Amino acid sequence: MSDPLQWLMEPFQFQFVARGVGMALLLGVSGGLVGCILLLRRIVLMADSFGHSLLPGIGLAYLWLGPGTVSLFTGAVIAGLFTSLMSGVVNRLTRLKEDAAFGSLFVLCFAGGVALMSKIAAPMDLLHYLFGNILGVTAADLYLVFTTTSITVLAVCVFYRALALETFDATFHRASGGRSFLTHLGILVAVVINLVAALQAVGMVLALGIFILPAVTAYLWCERFGSMLLVAAGYGGIMSCVGLLVSYHLNLPSGACMVGCLGLGYLVSLVLSPRYGLLGRLWLRRRHFDADEGSAICEQNSKRPRSFGP
């Protein structure tokens with residue numbers, strides 16, 4: 001076996017690294033899918049607001065149910081679903097816009113969570129939910145993330161048409177008889193469960209990177225919604241695994257390396273994307289006609305007889 005291959009396969013001899021790679025792959029796939037919808041609906045920062053609103057649920061679950069993974073996951077999901085449901089109700093029934101509803105509820109929940117955490121004295125297993133510890137995941141954590149990712153992928157496949165309509169034209173979706181409100185709540189539920197699943201891996205602070213970086217990278221390369229979902233899911237899963245392996249070899253925090261690798265691909269795409277990157281934009285500008293040449297061509301075309309068809 002060659003030395004480079006040994007260097008590459010070395011982390012997989014440890015079971016905790018293999019579990020971490022599996023979790024990184026699953027989180028990257030589901031985060032990329034959800035991030036595309038958030039990006040196209042222009043509610044990306046909503047995921048960050050949800051991350052802060054989960055804090056009181058985690059604290060209450062720790063006090064009432066103990067430090068178990070299932071109990072903390074349940075508390076975070078309940079807090080997130082409560083925030084998403086109330087923000088949706090406020091948005092639909094009052095004059096407040098969606099961002100105002102999210103912002104007000106997120107601030108209240110975060111304030112309550114900070115007060116609650118001060119009473120708990122922030123034990124280490126709660127700090128993992130703030131900053132992540134993907135190498136400390138158990139088989140139960142991996143099964144939980146696998147279930148979350150499977151539900152997300154299945155929901156995107158089954159409700160693809162409703163998601164596309166709600167993402168690009170929610171008004172037309174309602175006018176055509178679609179259940180826009182239920183679709184909107186379903187999107188919020190998907191954000192909550194995927195965000196909670198990502199807490200153990202990258203923490204509350206960096207969880208937004210799992211959602212937005214694969215989505216914005218795919219957005220720079222793709223023209224269609226379906227291809228964007230596929231590229232974001234594949235890119236998120238692969239680069240999350242690469243980031244975890246880089247963190248092992250360089251002895252750096254795993255969450256930061258995962259988000260850093262995702263961000264590196266985004267920066268490369270931002271420059272090299274053939275149509276929407278910086279170099280592509282400069283190339284298109286050079287190909288534009290100057291003022292005199294363009295006016296001459298327009299005048300020449302205006303003298304031609306018009307006809308229908310191609």
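Trainee: Why is S254 called buried?
Mentor: Buried means under 20% relative accessible area, exposed means over 50%, and partly exposed lies in between, with a 1.4 Å probe and protein chains only. S254 has a relative accessible area of 11%, so it counts as buried. Keep in mind that this is a predicted model, where local features need pLDDT of at least 70, side-chain atom pairs count only at pLDDT 80 or more, and totals for chains, interfaces and linings use all residues. Residues are numbered from 1 along each chain as its sequence is written, and side-chain values use heavy atoms, with hydrogens and water left out.

Trainee: Which residues does S254 touch?
Mentor: Leaving aside residues up to four places away in sequence, S254 touches I134, A201, L244 and S247. A contact here means heavy atoms within 4.5 Å.

Trainee: What makes L264 exposed?
Mentor: Its relative accessibility is 52%, so L264 counts as exposed. L264 lies in helix 13, and S254 lies in helix 13 too. Helices are DSSP runs of H or I with at least four residues, strands are runs of E with at least two, and both are numbered from the N terminus.

Trainee: Which residues form the nonpolar patch on the surface?
Mentor: W221, L264, V268, V271, L272, L278, L279 and L282 form it, with about 750 Å² of accessible area together. Patch residues have over 30% relative accessible area and no salt bridge; nonpolar side chains (Val, Leu, Ile, Met, Phe, Trp, Tyr) are joined within 5 Å, like charges within 9 Å. A salt bridge would be a side-chain nitrogen of Lys or Arg within 4 Å of a carboxyl oxygen of Asp or Glu. The areas come from the Shrake-Rupley method with a 1.4 Å probe, and for residues only the protein chains shown count as cover.

Trainee: Which helix gives the most to the nonpolar patch?
Mentor: Helix 13 does, with 4 residues. Helix 13 (254-272) and helix 14 (278-287) each supply at least two.

Trainee: How do you know where the buried residues of helix 8 sit?
Mentor: The buried ones are D141, V145, T148, T149, T152 and V156. They cover an arc of only 95° around the axis, so they are on the same side of helix 8. The arc is that of the directions from the helix axis to the C-beta atoms. The face turned away from that buried side carries the exposed residues A139, A140, Y143, L154, C157 and V158.
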